[in-house]
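Hi,

Here is the structure I said I would pass on. Have a look at it first, and my notes on what turned up follow below.

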Amino acid sequence: MGDRGISNHSEVTDFTLVGFKVRPELHILLFLLFLFVYAMVLLGNVGMMAVIMTDPRLNTPMYFFLGNLSFIDLFYSSVIAPKAMINFWSKSKSISFSGCVAQLFLFAFFIVTEGFLLAAMAYDRFIAICNPLLYSVQMSTRLCTQLVAGSYFCGCITSVLQTSMTFTLSFCSSRAIDHFYCDGRPLQRLSCSDLFVYKIISFFLSSIIILPTMIVIIVSYMYIVSTVLKIRSTEGRKKAFSTCSSHLGVVSVLYGAVLFMYLTPDRFPELSKVASLCYTLVTPMLNPLIYSLRNKDVKEALKKILEKKNTIL
């Protein structure tokens, strides 16, 4: 019996990331796609942070949150993309046990932090539209700092719990993770442990992350819509909605991709990978574009920087 236990369970030293199950000749195309998207992520988010830090007119709560959103998008895509691109050229496609732990921890940390930050941004828009005269008082520097720090704290606590639970599981002899990065669901499939308690705790963690943030976002927008509809002028309503449309677009893309991935049955792993690709790389690429193309202040700040650069040249 003891020998059988040892043969069924092996000490995990590394894993293999299976990635996308496509023909080898398509790996070059996927590599180029990942490279292009990741380059856009770097350019867009670093550019957004630079614009916010250099233009004094953007020293407001909304842009303080937006700068942190760009920081988070930049780093959680950087946790995934470089290793995925390396594996397109690697025969072994391996990732060390410690590397897998770090990847899961950092990705969970940043993605959960983003969820709470988006809720804080919804609250910011609620105050700006529903209580504009009290906006500067209610959205003080102290409160904004607390909201952002709280988002990072919740992300850290959740990530510690999720990662520690996942890697205390016993893994069977197979170490092939059917994904392009270390994620909780594909790691579960490699486990020989009883997953009942693990799934209950995971469901509880997901609930206390998704439900409160979604409630804050939905209630905030209910009040926003109610307030905007009371504005008599068409121009006023249009201006009020334009300040929220970017945030609403970001929320829709992120939560849509996450819900699609976790609602996809395990028998369709490739669909799950496509959804993961959306929120690990596509969403961080789109966020700066959404905010820069639909935001007059950001466009003016960019124009000012480019004019200054042309003057120097």
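**H4 and its neighbours**

Helix H4 and helix H9 (residues 234-263) pack with their axes 11 Å apart, at an angle of about 160 degrees. Anything over 145 degrees counts as roughly antiparallel, and H4 and H9 are therefore roughly antiparallel to each other. Their crossing is left-handed. Before you go further, please keep in mind that this is a predicted model.

If you want to find the H4 and H9 contact on screen, start from the H4 side with Ile-111, Glu-114, Gly-115, Leu-118, Met-121, Ala-122, Arg-125 and Ile-129. Facing them from H9 are Ala-240, Thr-243, Cys-244, His-247, Val-250, Val-251, Leu-254 and Tyr-255. By class, the residues of this contact are 11 nonpolar, 3 polar and 2 charged.

H4, which spans residues 97-130, also packs with helix H3 (residues 61-89). Here the angle is again about 160 degrees, and the axes are 9 Å apart. That angle makes H3 roughly antiparallel to H4. The crossing of H3 and H4 is left-handed, and their contact has 19 nonpolar, 3 polar and 5 charged residues.

**The sheet**

Next, the strands. There is an open sheet of 3 strands, in the order S2-S1-S3, and its pairing is mixed. Strands S2 (94-96) and S3 (176-177) stand at the edges, each with a single partner strand, so one side of each has no neighbour in the sheet. To see how the two line up, look for Thr-16, which stands opposite Ala-176 in S3.

H4 comes back into the picture here: H4 packs on the sheet and touches S1, S2 and S3. The direction of H4 makes about 85 degrees with that of S2.

Asn-87 lies in helix H3. Is Asn-87 buried or exposed? Its relative accessibility is 7%, and the cut-off for buried is under 20%, so Asn-87 counts as buried. Leaving aside residues up to four places away in sequence, Asn-87 touches Leu-17, Lys-93 and Ser-94.

Lys-93, one of those contacts of Asn-87, is found in the loop between H3 and S2. Lys-93 counts as buried too, because its relative accessibility is 16%. What stands out about its backbone is a phi near 55 degrees, a positive value in a residue other than glycine. Most residues other than glycine have a negative phi.

**One more spot, in H2**

Last, please look at Val-51, whose place is in helix H2 (residues 26-54). At 3% relative accessibility, Val-51 counts as buried. Which residues does Val-51 touch, not counting those up to four places away in sequence? The answer is Leu-58, Ala-301, Leu-302 and Ile-305. For a sense of scale, Val-51 and Pro-82 are 31 residues apart in sequence, and their C-alpha atoms are 25 Å apart in space.

That is what I have for now.

Cheers

How values were computed: Residues are numbered from 1 along each chain as its sequence is written. This is a predicted model: local features need pLDDT of at least 70, side-chain atom pairs count only at pLDDT 80 or more; totals for chains, interfaces and linings use all residues. Side-chain values use heavy atoms; hydrogens and water are left out. Axes are lines fitted to C-alpha atoms, for helices over the stretch in contact, and angles run from 0 to 180 degrees between N-to-C directions. Helices (H or I, at least four residues) and strands (E, at least two) are DSSP runs, numbered from the N terminus. Angles under 35 degrees count as roughly parallel, over 145 as roughly antiparallel, 65 to 115 as roughly perpendicular and the rest as oblique. A crossing is left-handed if the near helix is turned anticlockwise from the far one by less than a right angle, and right-handed if clockwise. Ala, Val, Leu, Ile, Met, Phe, Trp, Tyr, Cys and Pro count as nonpolar, Asp, Glu, Lys and Arg as charged, and the others, Gly among them, as polar. Two strands pair if DSSP finds at least two bridges between them. Contact means heavy atoms within 4.5 Å. Buried means under 20% relative accessible area, exposed over 50%, partly exposed in between (1.4 Å probe, protein chains only).
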